[in-house]
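Take a look at how two chains meet.

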Amino acid sequence: MNKVVKNVEEALTGIESGMTLMLGGFGLCGIPENSIAQLVKMKVKDLTCISNNAGVDDFGLGLLLQEKQIKKMISSYVGENAEFERQMLSGELEVDLIPQGSLAERCRAGGAGIPAFFTPAGYGTEVAEGKEVRVFNGKPHILESALTADFAIVKAWKGDTEGNLVFKATACNFNPMMAMAGKITIAEVEELVPAGELDPNFIHTPGIFVQRIFKGEKFEKRIEQRTVRTK
Amino acid sequence: MALDKIGIAKRIAQELRDGWYVNLGIGIPTLVANYIPEGIEVEFQSENGVLGMGPFPFEGEEDADLINAGKQTITTLKGAAFFDSATSFAMIRGQHVQLTVLGAMEVSQNGDIANWKIPGKMVKGMGGAMDLVASAENIIVAMMHSNREGESKILKKCSLPLTGVGCVKKVVTELAVLEIKDNKFYLLERAPGVSVEEIISKTEGDLVVPDFVPEMKL
């Protein structure tokens with residue numbers, strides 16, 4: 001089935017203010033940068049964004065924060081962002097911080113039809129407040145519920161016209177689980193190839209999880225912490 | 001003399017065992033990778049989705065798609081593997097990773113750890129720390145014995161919001177190696193030239209001190 005849309009405008013059609021979005025990426029690595037730029041242009045507001053991080057001040061989800069388009073962030077780590085801090089401390093922005101593994105698994109569960117699961121992460125901490133606790137094999141676990149989204153927006157290295165996706169290195173991160181958990185999943189890719197060109201043995205995300213795919217116009221791929229050694 | 005960060009990392013590196021998969025946190029724990037004892041093989045996991053992490057790249061060889069959990073550019077070694085975040089935390093929660101080394105603001109004598117939040121200050125989030133401490137069989141905490149005001153961070157009970165409960169088994173500070181069991185700290189080793197009295201005075205939690213406390217060999 002052909003999932004190709006002609007550009008980012010067409011890909012993001014139907015996203016409205018007040019919706020819940022999942023956005024792949026870890027820090028600035030593997031984020032759907034073309035789609036984020038388009039969300040800024042669309043001026044959609046009151047978004048709930050599920051994403052491991054919130055970008056930096058002038059890149060990634062930081063761009064949506066600058067325009068005050070986000071009502072609530074669901075993330076595991078949100079440092080390195082002054083505007084985020086200002087909005088959070090002033091109460092303009094709701095923030096739900098959840099352990100990274102629980103965030104990943106809640107997205108996976110959402111896509112896999114599992115409404116909730118027990119995990120030891122966060123037991124005995126404020127993350128566990130109000131959650132059911134049950135002991136398995138002598139160890140207490142807390143009940144975490146699945147996450148889904150109106151739209152999931154992911155970024156892949158290569159994709160084909162069927163929506164099959166291949167990720168590169170650590171730009172994979174949350175993208176595969178979020179692709180599963182979106183009611184509509186949009187994939188922006190660096191290389192878009194005809195069906196049959198990707199080896200079916202090496203597909204990371206099967207096309208069944210992707211409804212729309214397009215080739216991103218340009219990828220800046222900013223590095224957040226450039227760290228090198230000397231020769 | 002009290003150890004510096006490198007000294008702490010070197011001492012923790014002595015805890016590595018052949019064949020282990022190891023997750024290193026940000027800060028001092030990252031330095032442990034530089035002091036792997038000779039003759040053993042360990043593989044480093046970073047929770048953003050890589051096994052077989054190598055050193056930082058040479059200038060000009062950075063790849064924006066290849067980072068560690070601290071968002072630093074990295075390289076990979078032969079035999080490395082990439083995977084998604086759910087698989088990564090399956091490795092962690094499923095206890096396939098043998099050792100976790102991470103930093104802490106406070107630890108207590110029942111093995112509780114606090115390292116993610118200071119009330120009233122900006123909260124950045126726990127990242128993967130809660131998943132790591134809840135599941136790892138073997139957790140070593142790398143930290144300073146006391147804070148800038150000189151107050152002990154080795155406590156009867158943590159005062160900060162917890163990251164995990166009853167999970168820490170070993171602590172390496174600039175002064176000492178401590179083991180946590182039976183709701184007490186046990187003094188195993190002291191830093192070269194550091195007196196037992198100094199360690200006692202800087203430890204608020206209950207500390208069991210044997211007659212002879214060997215110096216660390218670094």
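How many residue pairs are in polar contact between chain B and chain A? The count is 24 residue pairs, both residues at pLDDT 80 or more. A polar contact here is a pair of N or O atoms within 3.5 Å; within protein, one must be able to donate a hydrogen and the other to accept it, and residues adjacent in sequence count only if both atoms are side-chain atoms.

This is a predicted model, in which local features need pLDDT of at least 70 and side-chain atom pairs count only at pLDDT 80 or more, while totals for chains, interfaces and linings use all residues. Residues are numbered from 1 along each chain as its sequence is written, chains are lettered from A in the order in which they are written, and side-chain values use heavy atoms, with hydrogens and water left out.

Now the extent of the interface. Chain A brings 52 residues to the contact and chain B 47, where contact means heavy atoms within 4.5 Å. About 4100 Å² is buried between the two chains, and carbon and sulfur atoms give 62% of that area. Buried area is the accessible area (1.4 Å probe) lost when two parts are put together, summed over both. On the side of chain B, Asp65(B), Lys71(B) and Met122(B) lose the most area to chain A, together 19% of what that side buries.

Charge pairing comes next. Six salt bridges cross the interface, each a side-chain nitrogen of Lys or Arg within 4 Å of a carboxyl oxygen of Asp or Glu. Lys71(B) pairs with Glu224(A) at 4.0 Å, N to O. Lys168(A) and Asp63(B) form a salt bridge with their closest N and O atoms 3.3 Å apart. Lys168(A) sits in the loop between β9 (165-166) and α6 (175-181) of chain A, and Asp63(B) in the loop between β3 (50-53) and β4 (76-82) of chain B, so this pair joins two chains. Helices (H or I, at least four residues) and strands (E, at least two) are DSSP runs, numbered from the N terminus.
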